[in-house]
Amino acid sequence: MSLTSTAQQLVTLASEGGEGGNHESLSPYLTGVGAFVALMLLLWITTRFNRDR
């Protein structure tokens with residue numbers, strides 16, 4: 001497979017993707033809040049183990 005044919009296939013694939021790819025049941029707010037809570041929990045755990053500073 002040559003570079004030009006690969007590039008042509010990628011351009012064709014990118015131009016056909018009309019949808020955003022978001023799943024209907026995936027809420028961006030719920031995902032954001034979940035990620036924030038997980039990061040805050042990791043930060044809290046890290047600070048508990050690093051009491052000497």
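I will start with the model and the overall fold, then take the helices and the surface.

This is a predicted model, where local features need pLDDT of at least 70, side-chain atom pairs count only at pLDDT 80 or more, and totals for chains, interfaces and linings use all residues. Residues are numbered from 1 along each chain as its sequence is written, and side-chain values use heavy atoms, with hydrogens and water left out.

The chain has two helices and zero strands, taken as DSSP runs numbered from the N terminus (H or I, at least four residues; E, at least two). Of its 53 residues, 0% are buried, meaning under 20% relative accessible area with a 1.4 Å probe, protein chains only; exposed is over 50%, and partly exposed is in between.

Helix 1 covers residues 3-16. None of its 14 residues is buried, so helix 1 lies largely in the open.

Helix 2 covers residues 28-49 and contains I45. How accessible is I45? I45 is partly exposed, because its relative accessible area is 33%.

An unreviewed UniProt entry annotates residues 26-45 as "transmembrane region"; such annotations may be inferred rather than shown by experiment. Over residues 26-45 the chain is 90% helix and 0% strand, with the end C-alpha atoms 28 Å apart.

Definitions and conventions
The expected span of a helix is 1.5 Å times one less than its number of residues.
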